[in-house]
Amino acid sequence: MTTPLLRLRGVTAGYAGIPAVRDLDLDLAEGEVLALLGPNGAGKTTTLLAAAGVIRPMRGTVEAFGRPLHRRLERNARAGLILVPDTRGVFHGLTVRENLALARRGGRDRTHEELFPALAGLMSRRCGLLSGGEQQMLALAKALAGRPRVLLVDEMSMGLAPVAVQALLPAVRSLADRFGVGVVLVEQHIDLALSIADRAIVLHHGRATLAGPAADLRADRHAVAEAYFGTA
Ligand code: ATP
C-alpha cells in the first residue's frame with residue numbers, strides 16, 4: 001500500500017480544552033477527493049485546521065506525506081499541504097494579477113489559466129469588484145500557485161449560489177485527476193460534493209457518524225440524512 005498523502009489517527013481537537021472533533025481517523029490518497037460533510041458546528045473546519053497544523057490536536061496524530069506535521073506551518077505549506085480558508089484569502093484592494101503574483105512560489109505556473117479561463121479576462125480587476133464565484137476561483141488559483149499536493153478546501157460554496165458552486169467543483173475534480181492532488185472538501189451542498197468526491201465522511205457533533213465511498217452514500221440518502229442529523 002502506498003503512503004497516504006494525509007493520515008489522521010484518533011484525532012481529538014478543539015478550543016480551550018473543549019473538543020470539537022473526537023477520535024477521528026482520516027486517510028487521503030493521491031488523486032482522491034474526500035468530502036467532509038455535516039451540519040453547522042459539526043467540526044468540519046476544526047478537522048481542516050488540525051489537518052493543516054493550525055491547531056494542535058489534544059489527542060491523536062496527524063501525518064502528511066508519511067511524516068508527522070512540522071511545528072512550523074510554513075514548512076508544511078512548502079511540502080504542499082495547503083489550506084484554502086473559507087474567508088477566501090484574497091486581498092480586495094489588489095488586482096487579480098497582483099493576488100496571483102503574491103501567491104506564486106518561483107517560476108510561472110499556468111495551471112490556473114487552464115482550470116479557470118474566466119480569470120484571464122479579469123487580471124486587471126480589483127478583487128473587491130469580483131463576484132463571489134470569481135473570488136473563489138481566485139482563491140483556488142492562488143492555492144494552486146503554491147503547488148499543492150494536498151488541498152484542504154473549506155466551504156467554497158459559502159455565500160455562493162449552487163450554480164456557481166457547480167461551476168467550481170469540476171476544477172477541483174480535475175486537480176485530483178490530472179495532477180494527483182488529494183483534496184479534502186468541506187461542503188454544505190451534499191449532492192454536489194458527493195457528485196465529484198471519491199469518498200465522504202459525515203460528521204455530527206464532532207464524531208464521524210458515516211464514512212464510505214461517495215457512490216454508496218449517493219445510493220443511500222437515508223443513511224446520510226441519519227448520520228447528518230445524528231439519528232443513526
Ligand atoms: P460550520 O459549517 O458552521 O462552519 P463546522 O462543521 O465547520 O461548522 P467548526 O467550525 O469546526 O464546525 O466548529 C465546531 C465547534 O467548535 C462548534 O461548536 C464551534 O462553536 C466551536 N468553535 C469553532 N471555532 C472556535 C473557536 N475559535 N473557539 C472556540 N470554539 C470554536
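**Figure 1. Leu-119 in the loop between α4 (111-115) and α5 (132-145).** Helices (H or I, at least four residues) and strands (E, at least two) are DSSP runs, numbered from the N terminus. The model is predicted: local features need pLDDT of at least 70, side-chain atom pairs count only at pLDDT 80 or more, and totals for chains, interfaces and linings use all residues. Residues are numbered from 1 along each chain as its sequence is written, and side-chain values use heavy atoms, with hydrogens and water left out. Leu-119 counts as buried because its relative accessibility is 0%; buried means under 20% relative accessible area, exposed over 50%, and partly exposed in between (1.4 Å probe, protein chains only). Leaving aside neighbours within four places in sequence, Leu-119 is in contact with Val-96, Glu-134, Met-137, Leu-138 and Ala-141, where contact means heavy atoms within 4.5 Å. Leu-119 and Val-96 are 23 residues apart along the chain, and their C-alpha atoms are separated by 7.8 Å.

**Figure 2. The largest nonpolar core, with 49 residues.** A nonpolar core is a set of buried Ala, Val, Leu, Ile, Met, Phe, Trp, Tyr and Cys residues joined through side-chain atoms within 4.5 Å. Which members touch the most other members of the largest core? They are Leu-37, Val-96, Phe-116 and Leu-151. A second core of 28 residues is separate, and Ala-52, Leu-81, Val-184 and Val-186 are among its residues. With neighbours within four places in sequence left aside, Phe-116 has contacts with Met-137, Leu-140, Ala-141, Leu-144, Leu-168 and Ala-171.

**Figure 3. Val-172 in helix α6 (residues 162-179).** Val-172 has a relative accessible area of 1% and is therefore buried. Leu-48 lies 124 residues from Val-172 in sequence and 17 Å from it in space, C-alpha to C-alpha.

**Figure 4. Helix α1 (residues 44-52), a mostly covered helix.** Eight of the nine residues of α1 are buried. These buried residues are Lys-44, Thr-46, Thr-47, Leu-48, Leu-49, Ala-50, Ala-51 and Ala-52. Gly-53 follows α1 and has a positive phi, near 85°.

**Figure 5. Leu-26 and Asp-23 in strand β2 (residues 18-28).** Is Leu-26 buried or exposed? Leu-26 is buried, with a relative accessible area of 3%, whereas Asp-23 is exposed, with 53%. Apart from neighbours within four places in sequence, Leu-26 is in contact with Leu-6, Arg-7, Leu-8, Arg-9, Leu-34, Thr-47 and Ile-201. From Leu-26 to Asp-177 there are 151 residues in sequence and 20 Å in space, C-alpha to C-alpha. Asp-23 is not a glycine, yet its phi is positive, about 50°.

**Figure 6. Phe-65 in the loop between β4 and β5 (67-68).** Phe-65 has a positive phi of about 55° although it is not a glycine.

**Figure 7. The second largest pocket, with a volume of about 220 Å³.** Rolling a probe the size of a water molecule over the atoms shows where empty space is left. A pocket, on a 1 Å grid over the protein atoms alone, is an open set of points where a 1.4 Å probe fits, with protein on both sides within 12 Å along at least five of seven lines; lining residues have an atom within 4 Å of a point. Grid points are joined across faces, edges and corners, and the volume is the space filled by probe spheres set on the points. The pocket is lined by 15 residues, and Arg-56, Pro-57, Val-62, Leu-69 and His-70 lie nearest its centre. The lining has eight nonpolar, four polar and three charged residues, with Ala, Val, Leu, Ile, Met, Phe, Trp, Tyr, Cys and Pro counted as nonpolar, Asp, Glu, Lys and Arg as charged, and the others, Gly among them, as polar.

**Figure 8. The whole protein, with nine helices and ten strands.** The C-alpha atoms fill a box of roughly 50 × 40 × 35 Å along the principal axes. Of the 232 residues, 50% count as buried. Among contacts with a separation of 6 or more, 70% are between residues 24 or more positions apart.
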